[in-house]
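The sequence and the structure are shown first.

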Amino acid sequence: MSDILTDVTDGVMTITFNRPDKKNSITAAMYAAMADALAQAKEQDAVRVVVFQGNETIFSAGNDIADFLEKPPSSQDAPVYRFLHGIAAFPKPIVAAVCGPAVGIGTTMLMHCDLVYAGDNAAFSLPFVNLGLCPEAASSLLVPQMLGYHRAAEALLLGEPFMAEAALEVGLVNRIVPPTEARNLAQAQARKLAAKPIRSLVETKRLMKKGQAQLVLQQMTEEGASFGRMLGEPAAREAFTAFMEKRRPDFSGT
Ligand code: COA
């Protein structure tokens, strides 16, 4: 079965991470599938709302580290950037159901969703520095805005995870429910949205986002250039190799 499942029912396109054996970590092929799904969802009248979900124990472990080691994204046309640009500029509402770990892009992509429902087991983390990298998805702009600078520094400089309650407090998630209920709640909210006039939804989202849409794009491009460069540098190579070898990284030589 595919690592990304898509389904369209009652005006809602549901995109499901389906790679549980690798904790729903995301390969280039998965980014490409999600970018293509978003492009279709944008064009098709049959799709009024998009839902992202994992399962009850894992949302996503972020970028697939082995895939990044072998095939680092080399340009802004790379599938990861196609996905990020697609989600950041997506005109229709996006809802997410998050249970379990949401690592790296598993958390940063939520900044581009409109409604986020979390299981009480949700754990968010932005370990870019610990991987010898820098933030992506405009998270270096959006996380400080959302969390405030000092909490953002804990999340982004120390890479400390934060749980569902903390995410609720800062407004990253709308509601916390038992993990068994998160996906049903996201679907129910998506269906409520899908029953509303689509032009009003799109225009309201555009107006809410327009203040910094350009800035988000610029930040994402600048982050992408740094991220791409840092992927080839010794700290990231050490962090990724250490993860694959199941040992602690040694940054003393970097
Ligand atoms: N890329 C590639 N493989 C990954 C992965 C990732 N980001 N995250 C997990 N996996 C793989 C593991 O290598 C392991 O594979 P194996 O069974 O072949 O050894 C499998 O998924 C299970 O992972 P494991 O770490 O044993 O699960 P866990 O429940 O103990 O921990 C996480 C789950 C998500 C907390 C942990 O896997 C993790 O921290 N992953 C890395 C997250 C990360 O740094 N992402 C990059 C962000 S840029």
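## Buried positions and their surroundings

Lysine 205 is located in helix 9, which spans residues 198-209. The model is a predicted one. With a relative accessibility of 7%, lysine 205 falls below the 20% limit and is therefore classed as buried. Its side chain forms a polar contact of 2.8 Å with the side chain of aspartate 114. When neighbours within four places in sequence are set aside, the residues in contact with lysine 205 are Phe90, Pro91, Lys92, Pro93, Ile94, His112 and Asp114.

| Residue | Relative accessible area |
|---|---|
| Lysine 205 | 7% |

Helix 3 comprises residues 79-88, and its buried residues are Val80, Tyr81, Phe83, Leu84 and Ile87. Viewed down the helix axis, these residues fall within an arc of 155 degrees, and they therefore line one face of helix 3. An α-helix has 3.6 residues a turn, so residues three or four places apart point the same way. The cover over the buried residues of helix 3 includes helix 1 (28-43), strand 3 (49-53) and strand 4 (94-98). Helix 4 (105-108) and helix 10 (213-231) also belong to this cover.

Methods
Residues numbered from 1 in each chain as written. Predicted model: local features only at pLDDT ≥ 70, side-chain atom pairs only at ≥ 80, totals over all residues. Heavy atoms only, no water. Buried < 20%, exposed > 50% of the residue type's maximum accessible area, 1.4 Å probe, protein only. Helix = DSSP H or I, 4+ residues; strand = E, 2+ residues; numbered from the N terminus. Arc of directions from axis to C-beta. Contact = heavy atoms within 4.5 Å. Polar contact = N/O pair within 3.5 Å; in protein donor to acceptor, adjacent residues only side chain to side chain.
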